[in-house]
Amino acid sequence: MTVLPTVRRQIELAAQHAATQPTRSHGRIRLSAGTALAAGSVIITLAVAAAAIGLLGHSHRQITQRVPAIAAPNPYALGSAGIGRARFGQPPQTVARELEPLLGTPASGASGRAVRGICSSEQVIWSGLASRLHRSPSFGLTAYFKHHRFVGYSYGPPYAAPGTRVVRRGPILVTVRGLSLGDTISRARRLYGKAFRVTDQPQGTPTKPHLGSLPAWVAQTGTGTVFGFRSRPGQTNSTTLIESISAGDIPNTPCR
Amino acid sequence: VGPDRRTDAELLAATRTDETAFVAFYDRYERGIVGYFARRVADREAVADLTAEVFAAALGAAPRYRSSQPTAANWLFTIAHNTLTKSLRSQQVQSRARRKLGITEAVRLDADELDRVETLADSDHWLTDLLDRLPSDQAKAVRARVLDERSYPQIAAELKTSELVIRKRVSRGLTTLRSHIGKEKHP
């Protein structure tokens, strides 16, 4: 089934016209009497149209305005190898420079300076993006560094504490495919197809079996994986929600 | 009427004599091109305009198409990529190719068409399903090149192989995809 019959019809008419165009032979164009008449009509029509555009002046602008503007690609997309132009491997200053136009100065300290975080990591935290309750502290995006190099990020309330609804605030970040916090598992499957799967994340570094696992998800992309936590299982795909989005090397608490 | 069994090159070569040839070519790649734009552009009518512009450009360039490859997917998606790049730069959908063909109206979509574009934008499972049928190395290369728009040098570095090998994988993968698309209809 055709997706866009309107476009197909336009192209079909143009293809018909192209198939009836005169062909060049030995450097000259051979025209039948009927074709010559038709070509003459086309030339006159074009001349009249050109004159109208020239005389009216605004015709060209109106045509331009009817052509819809289109959106630029998202420069802050959450990817498997970084966020927009902030790529894994870059120092904190570079990452901050890329993200601060959208997220502002980090809540964790001065611009471009990573602070000591959990599990021996260094981190830069932007707050004001998401929380688990309306009145709870609003965190959002945590960028993780090791040896002053960007190694991973986590978007959403920090660490593993699913169970309460995620509240999005401020700028909303989305993955390259368009997935964001609070989206349903059904939508994630539509976006990623078979590349998306739900899973369980064992807790602890190293893994501590007595703590059990937390409901999680993972999506394979062309360059790696994005993953995160989802709301508790036992719910349907249409009610289970994406609770965090991460990529790279992030702490899995509790750490030894 | 079943799908046209001519190769892309044969269809493009026939556009000046057979008015059905380019329509068959359009039908073969419409979903792919719409899906390509729908994942990149917010305005659904702009997706339709871009699609029309790409096929208009392809129709205009068809007599000059020269390739021994049975698939013109690379060629068509290159046109799509260039059209998108120019459109983003000017903040307006390019219309030059359509104007050359006498198409001056921006596309107006009805509700059904908008729904279908929305569906393609939300889901590329039809392409993911196809990619799953490719050998893993080809699927990775095609996904990285066509869906994620990464450059050949970038992909080669990530997959730790040469650019030439990546080009071959993309070419073979697209050839295989084309044969699948020709054999079956996707929702």
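**Terms and their grounds**

Reply: In helix α4 of chain B, the buried residues are B:Ala73, B:Leu76, B:Phe77, B:Ile79, B:Ala80, B:Thr83, B:Leu84, B:Ser87 and B:Leu88; buried means under 20% relative accessible area, exposed over 50%, and partly exposed in between (1.4 Å probe, protein chains only). Seen down the axis of α4(B), these residues fall within an arc of 160°, so they line one face of the helix; the arc is that of the directions from the helix axis to the C-beta atoms. This is a predicted model, in which local features need pLDDT of at least 70 and side-chain atom pairs count only at pLDDT 80 or more, while totals for chains, interfaces and linings use all residues. Side-chain values use heavy atoms, without hydrogens and water.

Me: Why is the contact between B:Asp18 and B:Arg6 called a salt bridge?
Reply: A salt bridge is a side-chain nitrogen of Lys or Arg within 4 Å of a carboxyl oxygen of Asp or Glu. The N to O distance for B:Asp18 and B:Arg6 is 3.0 Å, so the pair meets the definition.

Me: What makes B:Asp18 count as partly exposed?
Reply: The relative accessible area of B:Asp18 is 21%, so the residue falls in between the two cut-offs.

Me: What parts of the chain does the pair B:Glu53 and B:Arg98 link?
Reply: B:Glu53 lies in helix α3 (residues 44-61) of chain B and B:Arg98 in helix α5 (residues 96-100) of chain B, 45 residues apart. Their side chains meet in a salt bridge at 2.8 Å, N to O, and both residues are buried.

Methods:
Residues numbered from 1 in each chain as written. Chains lettered and ligands numbered in written order. Helix = DSSP H or I, 4+ residues; strand = E, 2+ residues; numbered from the N terminus.
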